[in-house]
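Visitor: I've got a model open and I'd like to talk through its pockets and helix packing. Can you walk me through it?

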Amino acid sequence: MSEKLFGLTDEEREQAAEILWEETRKFTLACKACPLSETRNKVVFGDGDRKSSLLFIGEGPGADEDSQGLPFVGRAGQLLTQILSAAGIERKDVFITNIVKCRPPENRVPTPEEMLCCDRHLQTQILIMKPALIVLLGNTPLRWILKTTEGITKLRGRWFEWHGAAVMPMFHPSYLLRNNTSKEGGPKHLTWLDIQEVKRQWERYKQTGRLDETIFG
């Protein structure tokens, strides 16, 4: 009996993953676990290719995202799309989500309690996707995922191992908008180096299915 239960074909596994993903989406969209549900317009579940091996995680929805129900569609999101495109990454080929799925009032940093309530949604997304590479955009996802007190300026551009995935912190696009300089060593220049490294490792993973040449730390 156990052999029959667990001896699923690849097609059956994918069907099961698709069902679980859709149930997770419905559960997330109806979530009222924290006070953010009282002020939101729309839950922002995420957007992109669920089967992608590359996942981007930001902090939380802003006003544009809250209105449209999609992540990274405002000015910062448009810049992220430009950064991806410049590196040869099609936005539709990756998945993008946030630590919290509802907009914090006035775009404030989400509280630990809010992030804890939303973590079950994020962790389920990660569990179903099984991404090989994860990019953390800004301090909030960096500190939540890697459980560190270090800041993005110190840790950006480095690979960290997290539950079998290669994780890289990068500046949040909104930070680049506030620090609009293209000088060498500035945030935009460093982000360009980081996204090229992400693209390089992603292409290698797609070809080999391995992360064994990734240098961590």
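Visitor: Which residues line the second largest pocket, and how many of them are charged?
Guide: Keep in mind that this is a predicted model. The lining of the second largest pocket is made up of Glu14, Ala17, Leu20, Arg50, Lys51, Leu127, Ile128, Met129 and Lys130. α2 (10–29) and α6 (112–129) are the elements that give two or more residues to that lining. By class there are five nonpolar residues, no polar ones, and the charged ones number four.

Visitor: How do α2 and α6 run, roughly parallel or roughly antiparallel?
Guide: Their axes come within 10 Å and cross at roughly 165°. Angles over 145 degrees count as roughly antiparallel, so α2 relative to α6 is roughly antiparallel.

Visitor: Which residues of α6 make the contact with α2?
Guide: The crossing of α2 past α6 is left-handed. By class, the contact has six nonpolar, five polar and one charged residues. On the α2 side sit Ala17, Leu20, Trp21, Thr24, Phe27 and Thr28, and on the α6 side Arg120, His121, Thr124, Gln125, Ile128 and Met129.

Visitor: Back to pockets: which element gives the largest share of the lining of the largest pocket?
Guide: That pocket holds about 630 Å³ of space. Among its 28 lining residues, the closest to the centre are Glu59, Ala76, His172, Ser174 and Arg178. At least two lining residues each come from α4 (63–68), α5 (75–86), α7 (139–146) and α9 (173–178). The largest share, four residues, is from α9.

How values were computed: Residues are numbered from 1 along each chain as its sequence is written. This is a predicted model: local features need pLDDT of at least 70, side-chain atom pairs count only at pLDDT 80 or more; totals for chains, interfaces and linings use all residues. Side-chain values use heavy atoms; hydrogens and water are left out. On a 1 Å grid over the protein atoms alone, a cavity is a set of points where a 1.4 Å probe fits but cannot get out, and a pocket is an open set with protein on both sides within 12 Å along at least five of seven lines; lining residues have an atom within 4 Å of a point. Grid points are joined across faces, edges and corners, and a volume is the space filled by probe spheres set on the points. Ala, Val, Leu, Ile, Met, Phe, Trp, Tyr, Cys and Pro count as nonpolar, Asp, Glu, Lys and Arg as charged, and the others, Gly among them, as polar. Axes are lines fitted to C-alpha atoms, for helices over the stretch in contact, and angles run from 0 to 180 degrees between N-to-C directions. Angles under 35 degrees count as roughly parallel, over 145 as roughly antiparallel, 65 to 115 as roughly perpendicular and the rest as oblique. A crossing is left-handed if the near helix is turned anticlockwise from the far one by less than a right angle, and right-handed if clockwise. Contact means heavy atoms within 4.5 Å.
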